[in-house]
Amino acid sequence: MSVARQRARHGVRFLGLGFRVVLFLAVLVLLRALLRIQTSSPTPSGVSESIKEDGFRVPKVAFLFLVRSNLPLDFVWDTFFKNAQSEKFSIYVHSKPGFVFDASTTKSTFFYNRQLKNSVKVTWGGSTMIEAERLLLKSALVDPANQRFVLLSDSCIPLYNFTYVYNYLMASHKSFIDIFLDKKEGRYNPKMSSIIPEQKWRKGSQWIALVRKHAEMVASDKTVFPMFKKYCKRLAGTEFTRKPRFKVPGQKENDCIPDEHYVQTLFSINGLENEIEKRTITYTSWNQSKDSTDRQAWHPKTFSYADAKPQGIKEIKSVDHVNYEMEHRTEWCKCNSNAVPCFLFARKFSRGAGMRILFDGVVGAFDSGSMRLNS
């Protein structure tokens, strides 16, 4: 073989090796670029996606319990969380100052030491109610994995198992906020007008479910909340009670009820009503008696053991729309344009009703041992 031909063959080999090296380096650069795109992308909210923050984590639902002291239905929630993946939820409880959830106050280990350390004394009808809600949101926002935030009372029960609730909440990129205009209730205080125009005043259920960006807005609000704190004052009363303990002669009581107006008005002022599903996901049965002597008129009815029979629960779970008579509006319950049942939770349930929910396996596989929790 001639020297020229050998040199040509060596040249071809060299070029082939060089091409492979260049190709290998190009693949490395491409992979690195893709990795950068993944790690710098916005936090996703889809149920099948992962959160990019110090590694890969599963998005979580933060369950925010606003309670008087203990959780009388902790045995129901114990079963609910036992049938869940621990990496998909977190629990926060606002109770009265100094109350601690431990073996002496709850038999469900899910609630051990889940109470806020900076809780406030809550009085029904005062701004302390929404102050407590904001404290819960602020605590839950510390964990970047928390992507949905659900506010619950001590009388709430889940209507489905954890997997259904989780998928329902994660499938929607909107918050669930009951919101409407009530022209008859007369709670608006004209002294708020510099910040809260009367046409922006809204009403709705206290029990909300928020996506993270909305939770951040509520927790960081420094404009609307001070108005409620300043002008929504109620006479001294016991925690969560509707009647004041005493009334000074000649003193007018301000019936502002912040928890029914604050979040709704905040979203209205910020023009975010198009970013929410305009309904609550927590069912309440109201006593709509028009009898002026009925002290329980327009109060939530409490479910007893008899009320929690399977047919009654099935009827609640079959509700697919809500009528807003004041606005002549019917809100068909949807999640990302898909028709869905309206409610994931219900209140107010007694302990007997909670036991029946467990017996019927509503929240998950029934474990008879759970009934010994609060024996």
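This is a predicted model: local features need pLDDT of at least 70, side-chain atom pairs count only at pLDDT 80 or more; totals for chains, interfaces and linings use all residues.

Residues are numbered from 1 along each chain as its sequence is written, and side-chain values use heavy atoms, with hydrogens and water left out.

**The whole chain**

Start with a cartoon view. The protein has nine helices and 15 strands; helices (H or I, at least four residues) and strands (E, at least two) are DSSP runs, numbered from the N terminus. Of the 375 residues, 47% are buried, where buried means under 20% relative accessible area, exposed over 50%, and partly exposed in between. Among contacts (heavy atoms within 4.5 Å) with a separation of 6 or more, 75% are between residues 24 or more positions apart.

Select residues 262-269. This is helix 7, and seven of its eight residues are buried: Y262, V263, Q264, T265, L266, F267 and S268. Their cover includes helix 3 (128-141), strand 8 (209-211), helix 5 (212-220), helix 6 (224-231) and strand 9 (276-277). After helix 7 comes G271, with a positive phi near 65°.

S205 counts as buried because its relative accessibility is 17%. Beyond residues up to four places away in sequence, S205 touches D178, Q264 and T280. S205 and Q264 are 59 residues apart along the chain, and their C-alpha atoms are separated by 8.8 Å.

**R212**

Next, select R212 in helix 5. Buried or exposed? R212 is buried, at a relative accessible area of 17%. Apart from neighbours within four places in sequence, R212 is in contact with L141, D143, P144, N146, Q147 and F149.

**Helix 2 against helix 9**

Show helix 2 (residues 74-82) together with helix 9 (residues 351-359); their axes come within 9 Å and cross at roughly 25°. Helix 2 is therefore roughly parallel to helix 9, a term for angles under 35 degrees. The axes are lines fitted to C-alpha atoms over the stretch in contact, with angles from 0 to 180 degrees between N-to-C directions. Display side chains to see the contact: F75, V76 and T79 come from helix 2, and R351, G354, M355 and L358 from helix 9. By class, this contact of helix 2 with helix 9 has four nonpolar, two polar and one charged residues.

Move to the loop between strand 15 (345-347) and helix 9, where K348 is placed. The peptide bond from R347 to K348 is cis, with omega near -5°.

Then select N113, in the loop between strand 4 (89-94) and helix 3. N113 is not a glycine, although its phi is positive, about 55°. With a relative accessible area of 48%, N113 is partly exposed.

End at S337, in the loop between strand 13 (334-335) and strand 14 (338-339). S337, a residue other than glycine, has a positive phi near 70°. S337 is exposed, with a relative accessible area of 65%.

Technical notes:
Buried means under 20% relative accessible area, exposed over 50%, partly exposed in between (1.4 Å probe, protein chains only). Angles under 35 degrees count as roughly parallel, over 145 as roughly antiparallel, 65 to 115 as roughly perpendicular and the rest as oblique. Ala, Val, Leu, Ile, Met, Phe, Trp, Tyr, Cys and Pro count as nonpolar, Asp, Glu, Lys and Arg as charged, and the others, Gly among them, as polar.
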